[in-house]
Amino acid sequence: MTDKAVKPVVIEADSISTFQVTVGATGTKFLVEIRDNKRIMGIKCSSCGKVYVPPRSHCPTCCVKMSEWVELSGKGTLTTYTVVRYKEPYQPKEPPIIYGVIQLDGADTGIYGILGEVEPDKVKIGMRFEPVFKDEREGSLLDIDHFRPSS
Amino acid sequence: MADRVGIVAVAQTKFDQKREEHLTETLVHVTKDVMGQTGLEFKDDGTGIDSTVVASQDYFGGPGGIHMHYAYTVGAYRRPDERVEEDGAFAVAYGAMQILSGHHDVVLVVGHIKESVCSKNQVENLGLDHIYGRKIGLDFVAAAGMQAMRYQHKYGITPEQCAKVVVKNRTNGKNNPLVMYANGITVEDVLKSEMVADPIRVQEAKPVPVDGAVAMILACEDKAKKLTNKPVWITGMGMCYDHHELGYRDLADCDSLVSAAQMAYKMAGIKEPAKELNLAEVSDHYAYQELLWSEGLGLCGKGEGGKLIDKGTTSMGGELPVNPSGGLLCGVPLIVAGMQRVAECVLQLRGEAGGRQVSGAKTALAHGVEGPAGQLHCVITLEK
């Protein structure tokens, strides 16, 4: 039992190492296209015909190795979103942050995006968006600074 | 193979903030409680508890490596001791499988979490994939916000219907002496509370941080009958994982829960869950989830979760009370959550649920969930 007169000792402990993780050949191609060419690429399954963004080396449904890259315009339709109102150290921008899932034209899946150039209360599911790339790009999903409303 | 698995004892801590108590003290408390109820000890000759299955999460409880603490703390080291890094309902299922396989006869299952030692959001940010989801700064609250938005949009579920879940569960929780957040909140109070991740308001989210533990003892049929005169039988179990990439799923449809529920119902021989079950304890990490999970469990049709709460079907006194205990919205730690749903069902089926007792309950369903926007589900059906 803790003696009520004595304040319990509390230790501070960090636990997370820094990790160096390869994104693999498929992830590399996807991120390099964004970094060097401002292009968002999908990958098509030769078995079920689905186009995945972000891409995987193997179809999650068929487990077939996928190799047919598909260049997408980057424009797409918002399938859902939220407005994050709280601040956390891992967030890349200051809140409020509008996070969305955008199904790009020609893709069967949605990609995460931060929405910008639009007020939170003006965002609606079904709206059209297009990517705005950063000037300085490093090979990361954050090279897409945000998605803005488009036609 | 064993015939049936019975739950012969359950123990729960109070669910509060245990900042002055080391996790091991909490573990000793619940373990001694269930062992005392049965008189069982840890034995390796088949006359006691054969193995332990422990559910926790590595960063809740301490700075990593939290699973090291259980066995030595309770006098169960140098023995079979399995660890489950996901919701506690899965640990119950794995413990039951140890018995159904004939490998063990008696299994002690424990779930524990201390949300108060760290930032829940920071840990859950690690629950997203490290290339895309984490990089962009998503966490489970943001994922839930996107799921709630999609669900409300696709099926016309209203903020008022979600708020009614909070009111129902916080009212039910007044009859549960183990939870801290039961109150007389109104729909208006919920809808006026601070927005956290649209459309989710702070009163629609499980309170954080909450600490606590649950333990239970499972036994094969013949031993269960000898250990207690009120065994509760596991009749069905099902679990299913969806893709972690939120954009690969339609978040308004919980397909993995549908699969998990169907697996459990098939095993239990349940054809019409809404009619055959007397109560359900469902993991409502957020208010909208009780409605969406009720659809996935087949307690109502797709998109009809809102009608379910409007009609009062799931209230105490309704045809199928959901979360008589008050649910997670009254403050239960994650991971412990699903196992605590099982424990509450056990108390109900034993007729020991006090003021929250569902009269004449004979069958019940417990549901656990983990991962962003309900990626993985575990469904357990029980009968007395």
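**Figure 1. Confidence of the predicted complex.** The predictor assigns the complex an ipTM of 0.95 and a pTM of 0.96. For chain B, the mean pLDDT is 96, and 99% of the residues of this chain reach 70 or more.

**Figure 2. The contact between chain B and chain A.** Chain B contributes 32 residues to the contact, and chain A contributes 34 residues. On the side of chain B that touches chain A, the elements giving two or more residues are α4 (120–125), α5 (140–155) and β5 (195–197) of chain B. The most comes from α5(B), which gives 6 residues to this side. By residue class, the side of chain B that touches chain A divides into 15 nonpolar, 11 polar and 6 charged residues.

**Figure 3. Helix α9 of chain B and its buried face.** Helix α9 (residues 255–268) of chain B has 14 residues, which should span 20 Å at 1.5 Å a residue; the end C-alpha atoms are 20 Å apart, in agreement with that expectation. The buried residues of α9(B) are B:S256, B:L257, B:A260, B:A261, B:A264, B:Y265 and B:A268. Seen down the axis of α9(B), these buried residues fall within an arc of 165°, and they therefore line one face of the helix. Their packing partners in chain B are β8 (232–241), α10 (273–276), α11 (287–296) and β11 (376–383). Just after α9(B), B:G269 adopts a positive phi of about 75°.

Figure 4. B:A287 lies in helix α11 of chain B. B:A287 has 28 other C-beta atoms within 10 Å and is therefore buried, the criterion being 20 or more. Leaving aside neighbours within four places in sequence, B:A287 is in contact with B:C162, B:A163, B:V165, B:V166, B:E204 and B:L329. B:V167 is 120 residues from B:A287 in sequence, yet the two C-alpha atoms are 9.7 Å apart in space.

**Figure 5. B:M216 in the largest nonpolar core.** The largest nonpolar core contains 168 residues, of which B:V109, B:M216, B:I217 and B:I380 touch the most other members. Not counting residues up to four places away in sequence, B:M216 touches B:I7, B:A9, B:V10, B:V34, B:V109 and B:A343. In soluble globular proteins, nonpolar side chains tend to be buried together.

**Figure 6. Helix α13 of chain B.** Helix α13 (residues 336–349) of chain B comprises 14 residues. From its first C-alpha to its last, α13(B) reaches 20 Å, close to the 20 Å expected at 1.5 Å a residue. Because 14 of the 14 residues of α13(B) are buried, the helix is largely enclosed by the rest of the structure.

**Figure 7. B:N176 in a loop of chain B.** B:N176 is placed in the loop between α6 (159–172) and α7 (187–192) of chain B. B:N176 counts as buried because 24 C-beta neighbours lie inside 10 Å. When residues up to four places away in sequence are not counted, B:N176 touches B:A182, B:S325, B:G326, B:C330 and B:R356. The C-alpha atoms of B:N176 and B:G355 are separated by 7.4 Å, although these residues are 179 residues apart along the chain.

Note on methods:
Residues are numbered from 1 along each chain as its sequence is written. Chains are lettered from A and ligands numbered from 1 in the order in which they are written. This is a predicted model: local features need pLDDT of at least 70, side-chain atom pairs count only at pLDDT 80 or more; totals for chains, interfaces and linings use all residues. Two residues are in contact if their C-beta atoms, placed from the backbone, lie within 7 Å. Helices (H or I, at least four residues) and strands (E, at least two) are DSSP runs, numbered from the N terminus. Ala, Val, Leu, Ile, Met, Phe, Trp, Tyr, Cys and Pro count as nonpolar, Asp, Glu, Lys and Arg as charged, and the others, Gly among them, as polar. The expected span of a helix is 1.5 Å times one less than its number of residues. A residue is buried if 20 or more other C-beta atoms lie within 10 Å of its own, exposed if 12 or fewer, and partly exposed in between; C-beta atoms are placed from the backbone. The arc is that of the directions from the helix axis to the C-beta atoms. A nonpolar core is a set of buried Ala, Val, Leu, Ile, Met, Phe, Trp, Tyr and Cys residues joined through C-beta atoms within 7 Å. pLDDT is the predictor's confidence in each residue, from 0 to 100.
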